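Please read these numbered points with the sequence and the model open beside you. Each one takes up a single part of the fold.

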Amino acid sequence: MRDDPSGARQDKAAFISVRDLSRSFGASTVVRDVTLDIRAGEILVLLGPNGAGKSTLLNMIGGTLQPSAGTMALDGQAVDFDSYIAGSARSRGIQRVFQELSTFPNLTVGENLALTSRQKAGSSRREMMRRARERLQVFPGNCIDVCAEVSQLSVAERQMVEIARAMTEPGTHLVILDEPTSALSLQEADQLADLVSRKAAEGVAIIYVTHKLEEALRLADRVVVLRDGRLHFDGDGRTLTHDRLLTLLGATAEPTMPASAQVTDAAQRELLTVRGLSAPRLHDVGIHVCEGEIVGIAGLEGAGQRELLQAVFDARRSTIGAIVSQSDMAYVSGDRKREGLLPLWTVEDNVAISAAPRFSRFGFVNFAALKATAGDWLAELGLSHRANSPIVSLSGGNQQRALLGRALASEAQLLLLDDPTRGVDASAKASIYSILDKVKEKGRSAILYSTEVAEFQKCDRVYVMARGHVVAEFSGAEATEERIVQASFMQPSSLQGRGQVSNGTSPPKTVKVEPAAAASAQPLSGQASFGHLLSWRSLPAALLMVAMFALAFWLQPNALSTFGLELLLQASMPLAFAVLAQMLFLLGGDIDLGLGFAIGLANVLAATYLVDAPAIAMIAMLGIVMGYVLLAFIVEILGVSSVVATLGASFVWLGLGLMVRETPGGQSPEWLAALTRFKLWPLPLACYVLLALALLGLWICQGWGYSIRLRALGHNRRTYVSLGFSALAGRITLYALAGVFAVLSGLVLTAATGAGNAHVASNFTLATIAAVVVGGASFAGGLVSPIGAVMAVVGISLITTNLGFLGISSEYSTAIGGLALITALSFRSLSRSTAS
């Protein structure tokens with residue numbers, strides 16, 4: 001906490017003034033008549049129980065939620081809430097770190113940092129990455145690779161990226177930090193505290209939300225407490241004590257966590273035994289868990305705790321290598337957003353799902369008993385009143401409690417708890433501690449990993465991990481915070497014996513690492529290169545293309561000539577234009593089921609009008625592009641699924657095509673046909689066109705200044721909008737470009753066939769979906785590979801050609817293409833498992 005006399009702080013100008021701010025959802029008022037001033041250079045710590053309205057208040061200040069009543073002024077200027085969105089809030093210098101992280105896993109660290117930056121990173125990607133490295137230095141000594149995708153980072157590293165993004169943006173006047181240390185280690189939390197103090201000294205206002213009272217006492221210039229949506233307390237943070245904060249929050253005393261008495265019953269049954277476990281990020285790990293024990297896994301963030309929990313869970317009720325498990329297990333993930341929540345379900349359904357197997361007989365479920373079990377645990381956790389609410393409507397802390405309830409409802413003998421009190425207030429923590437005591441009394445056990453060292457006082461035994469090794473073991477009262485922290489910084493021991501401590505009389509011993517053991521921990525460069533090759537998303541497309549070329553040249557050696565290549569690749573050109581159109585849809589997380597008939601309509605228009613009435617043809621083709629823009633409005637504004645919208649559009653495209661030309665006919669303009677006959681030594685034109693399309697697609701998806709936003713939109717629209725970006729603008733861009741490529745595909749088909757046919761590209765829709773996915777795209781959106789898609793197009797086109805060489809009917813091409821798709825996707829899945 002900084003030295004800043006109260007009088008000087010009161011003299012500072014109010015950057016934000018909130019008056020009688022309220023927000024209701026239906027009949028429920030979540031925030032009621034809050035009046036608050038936030039001054040420049042002030043650290044305001046916002047406290048309150050889960051569900052007190054903290055996130056709702058921050059959403060209104062940050063522009064992601066409109067208030068039901070009240071006013072707000074920014075730097076003395078009244079805010080018009082009708083136009084005040086997250087984007088305008090950021091443009092006025094308001095940055096926010098969300099409790100549920102808003103980084104995009106499909107983007108690199110550097111791209112995530114550049115996404116919201118008003119300071120342009122220059123024209124080169126190298127400059128963007130250089131600036132990203134500078135911004136991450138707010139956490140000295142971090143090992144985050146700015147070129148790595150965020151999906152490859154730990155929760156703590158993702159949190160550091162988000163904090164760096166908010167705290168290093170030029171022109172910032174206010175930073176909202178919502179549970180910023182929930183996944184950080186002690187060292188990283190200390191670095192953040194220093195950064196917050198420095199920013200406040202520079203005149204930046206800070207709103208700091210936390211459930212860790214020691215952080216509040218350390219940092220707060222001023223403390224504001226919300227309870228039941230109302231402003232319960234607003235006062236000087238320097239005069240408050242720990243017990244006073246607890247009283248303000250509605251708790252009368254600190255929840256006690258006496259060290260559990262160590263069980264000495266030699267006959268106690270072991271539920272889990274791990275001996276000599278070595279895996280990625282784990283080295284010769286050995287632990288055991290008995291009935292009625294709570295065992296802690298401590299250490300610095302990223303030391304292998306989560307990998308150990310996942311490895312143990314994978315071996316539930318079985319023996320897999322070094323792990324022997326004798327019981328069922330339930331796993332509470334520390335990353336509830338990605339691995340815990342079922343976002344479309346209610347709170348009750350999220351809890352009940354784990355108990356469903358116990359109440360199922362011969363395929364029939366006893367829903368009454370299932371509902372009663374879920375209700376009992378929700379009552380135990382204080383969530384009964386929210387049983388029928390959507391799980392996503394709960395605060396982060398209450399979501400965590402619901403996930404714990406799911407694990408408890410399973411009646412699994414062993415619970416694996418990955419930071420179960422993350423984002424949970426003091427009162428809820430006391431409830432969770434009480435539940436763990438009851439779990440022990442019933443003979444159930446738990447393995448607990450937590451980022452709060454104090455929580456390990458609840459454990460019977462604590463293992464400390466460092467760099468993937470277990471370096472110490474403490475029992476009962478010996479597991480003090482000082483000893484755990486000291487052991488966390490130990491050098492890992494070799495395979496010859498961990499320096500474990502159980503007597504509490506001497507510090508943990510270290511054992512020197514044998515050179516061979518150290519070397520074995522590092523993958524060989526050749527193995528690493530092979531792993532990178534296997535993880536290449538476009539590898540199936542490359543293998544398919546090479547295999548089809550090899551087969552074609554083996555069947556027809558004359559094909560290995562310029563003329564032969566031209567014949568082989570001729571059919572790929574119109575499909576390559578079409579595949580870029582489909583790729584843009586998948587980039588946005590959508591699918592175009594009408595693409596083939598849209599191309600057919602363009603083909604009919606070109607063959608019918610382009611010779612005699614070129615103006616009409618051009619206007620009509622522009623109409624196709626505008627039709628795609630209209631689809632963007634239907635999908636984004638009306639919320640219609642892209643599958644439904646484009647399926648309906650396919651009938652429109654086909655109907656229009658048949659109205660223009662019911663039977664095949666027409667002709668291609670001579671200038672259009674001449675373009676396709678153009679020769680450019682030494683390769684056929686198709687080679688240059690395919691290469692150009694791959695590079696153009698790569699530029700649209702990665703090289704264009706707008707491409708980062710488009711990929712972010714496709715991967716997570718909700719987060720994209722919360723950052724203040726227009727989802728409609730992004731979707732219009734993607735759909736309009738897709739329409740352009742669809743029209744170009746139709747024109748190339750016209751040149752190739754010399755006629756118009758509304759059904760000519762009817763098989764393009766499924767072929768393009770297959771090519772894009774085989775090429776490396778994800779149906780989840782935001783992740784495509786233009787080069788891989790073009791390689792897949794060539795491979796799929798050559799399937800039909802090779803069938804002709806073999807004398808097999810081309811009718812089999814669709815079935816064989818589907819088989820190739822399944823094979824390629826299976827290979828990708830297997831290769832990723834091998835690479836990991």
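1. Ser 22 counts as buried, because its relative accessibility is 9%; buried means under 20% relative accessible area, exposed over 50% and partly exposed in between, with a 1.4 Å probe and protein chains only. Ser 22 lies in strand β1. Strands here are DSSP runs of E with at least two residues, helices are runs of H or I with at least four, and both are numbered from the N terminus. This is a predicted model, in which local features need pLDDT of at least 70 and side-chain atom pairs count only at pLDDT 80 or more, while totals for chains, interfaces and linings use all residues. Residues are numbered from 1 along each chain as its sequence is written, and side-chain values use heavy atoms, with hydrogens and water left out.

2. What is Ser 22 in contact with, leaving aside its neighbours within four places in sequence? The list is Val 31, Arg 32, Asp 33, Met 60, Pro 67, Ser 68 and Ala 69, where contact means heavy atoms within 4.5 Å. Ala 69 is 47 residues from Ser 22 along the chain, and their C-alpha atoms are separated by 5.1 Å.

3. Strand β1 belongs to an open sheet of four strands, in the order β2-β1-β4-β5, with antiparallel pairing. Two strands pair if DSSP finds at least two bridges between them. β2 (28-39) and β5 (77-78) stand at the edges with a single partner strand each, so one side of each has no neighbour in the sheet. β1 (residues 14-25) is joined to β2 by eight bridges, and the two run antiparallel. Ala 14 stands opposite Arg 39 in β2. Helix α2 (residues 54-62) packs on this sheet and touches β1, β2 and β4 (69-74); its direction makes about 125° with that of β1. Such angles run from 0 to 180 degrees between N-to-C directions, and axes are lines fitted to C-alpha atoms, for helices over the stretch in contact.

4. Another open sheet has six strands in the order β6-β7-β8-β3-β9-β10, and its pairing is mixed. Which strands stand at the edges, each with a single partner strand? They are β6 (94-97) and β10 (230-236), so one side of each is left without a neighbour in the sheet. From one strand to the next, the twist averages 15°. Strand β9 (residues 222-227) pairs with β10 in the antiparallel sense over six bridges, and Leu 226 stands opposite Leu 231 in β10. α2 packs on this sheet too, touching β3 (43-47), β6, β7 (174-178), β8 (205-209) and β9, and its direction makes about 155° with that of β7. Helix α6 also packs on the sheet, where it touches β6, β7 and β8, at about 170° to the direction of β6.

5. In helix α5 (residues 125-135) the buried residues are Met 128, Met 129, Arg 131, Ala 132 and Arg 135. Seen down the axis of α5, these fall within an arc of 160°, so they line one face of the helix; the arc is that of the directions from the helix axis to the C-beta atoms. The buried residues of α5 pack against α4 (109-115), α6 (155-167) and α27 (707-715).

6. Strand β13 (residues 294-299) has five of its six residues buried, so the rest of the structure largely encloses it. Four bridges join β13 to strand β20 (residues 445-449), and these two run parallel. Val 295 stands opposite Ile 447 in β20. β13 also pairs in the parallel sense with strand β21 (residues 461-466), over five bridges, and Ala 298 stands opposite Val 464 in β21.

7. The axes of helix α22 (residues 595-609) and helix α24 (residues 642-660) come within 8 Å and cross at roughly 20°. That makes α22 roughly parallel to α24; angles under 35 degrees count as roughly parallel, over 145 as roughly antiparallel, 65 to 115 as roughly perpendicular and the rest as oblique. Residues of α22 that meet α24 include Phe 597, Leu 601 and Leu 605.

8. For the protein as a whole, there are 32 helices and 22 strands. Buried residues make up 56% of the 836 residues.
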